[in-house]
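Reader: I'd like to learn how to read a helix and its surroundings in a model like this. Can you walk me through one?

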Protein chains: 2
Amino acid sequence: MILARITRKECRDFLARLGFGRLACANKLQPYVVPIYFAYEDNRLYGFATMGQKIEWMRLNPRVCVEADEVRSSDQWTSVLARGRYEEILDTPKKLKARQQAQLLLSKRSMWWRTGFAASQIREQAKPGTPILFFIRIEELTGYRASPDPAPVCIG
Amino acid sequence: MILARITRKECRDFLARLGFGRLACANKLQPYVVPIYFAYEDNRLYGFATMGQKIEWMRLNPRVCVEADEVRSSDQWTSVLARGRYEEILDTPKKLKARQQAQLLLSKRSMWWRTGFAASQIREQAKPGTPILFFIRIEELTGYRASPDPAPVCIG
């Protein structure tokens with residue numbers, strides 16, 4: 001197996017294509033990790049959730065880490081790690097355009113968006129009717145790709 | 001889509017079968033999440049790594065969270081969340097039997113074990129020759145399963 005670091009552009013393309021990963025946040029010393037559906041644009045991961053533990057914790061501590069991977073086999077996979085900060089797109093007249101843009105981005109991933117919404121509802125005992133739009137501003141981005149060893153070349 | 005909580009036994013069986021998930025740890029306020037290969041036994045997730053950020057952070061703060069999921073489609077998936085504590089199985093004569101038991105468990109998942117080892121080496125710039133055996137003692141375990149809506153039954 002050959003392991004190699006991938007470029008920042010490859011990381012961004014990977015996040016944009018995949019739109020799915022795991023988000024870790026922390027409340028004091030306790031970490032928490034949940035699946036997340038997102039839309040990538042301009043160094044941000046846009047997401048949608050209802051009120052629950054994840055949102056409560058990110059409001060208290062905006063430092064987060066998102067990992068996205070694609071495993072085809074044990075020697076063929078890609079993994080991207082984004083460290084960043086949670087920012088909420090408030091439901092205020094001033095943020096109307098930003099909310100519309102985020103909703104448009106997320107609507108392109110409607111199936112995943114609905115699943116994520118339902119999952120967060122049951123997992124976090126959410127109160128219906130409190131949709132929250134947010135983004136993770138990426139501050140550090142790294143990725144690795146594993147490929148199978150090339151087949152040996154027989155000479156002579 | 002129907003969402004339902006699964007039993008603790010189903011969670012344990014799922015972890016034992018899957019042997020793969022994402023581990024979140026935290027250093028002060030900063031969370032970190034990485035893929036992890038593990039072997040489940042008796043309320044513990046056994047793992048193997050070389051020295052790197054993940055181990056350094058878990059030594060400083062043993063509180064961790066592991067999420068494992070299996071996504072067949074947007075309306076057919078299972079997700080299990082385990083909150084627990086990191087404990088290292090030290091390389092001492094007193095812990096020899098515990099290390100052998102952990103190694104035996106992990107050896108049954110040799111392909112994954114090797115991939116995890118290689119991944120941690122490149123990701124964390126590990127120093128070769130410092131294998132670390134550990135387990136996560138599970139303190140809280142929850143899981144959810146999504147299934148497609150049953151097909152409507154036509155009568156008459």
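Author: Helices (H or I, at least four residues) and strands (E, at least two) are DSSP runs, numbered from the N terminus. Keep in mind that this is a predicted model: local features need pLDDT of at least 70, side-chain atom pairs count only at pLDDT 80 or more, and totals for chains, interfaces and linings use all residues. Residues are numbered from 1 along each chain as its sequence is written, while chains are lettered from A and ligands numbered from 1 in the order in which they are written.

Reader: Which residues of helix 1 in chain B are buried?

Author: Buried means 20 or more other C-beta atoms within 10 Å of a residue's own, exposed means 12 or fewer, and partly exposed is in between, with C-beta atoms placed from the backbone. Here B:Cys11, B:Phe14 and B:Leu15 are buried, in a helix covering residues 8-18. Down the axis, the buried residues fall within an arc of 95 degrees (taken over the directions from the helix axis to the C-beta atoms), so they line one face of helix 1 of chain B. B:Lys9 and B:Arg17 are exposed on the other side.

Reader: And why does A:Thr92 count as exposed?

Author: Because A:Thr92 has 9 C-beta neighbours inside 10 Å. A:Thr92 sits in the loop between strand 7 (76-88) and helix 3 (96-107) of chain A. From A:Thr78, A:Thr92 is 14 residues away in sequence and 39 Å away in space, C-alpha to C-alpha.
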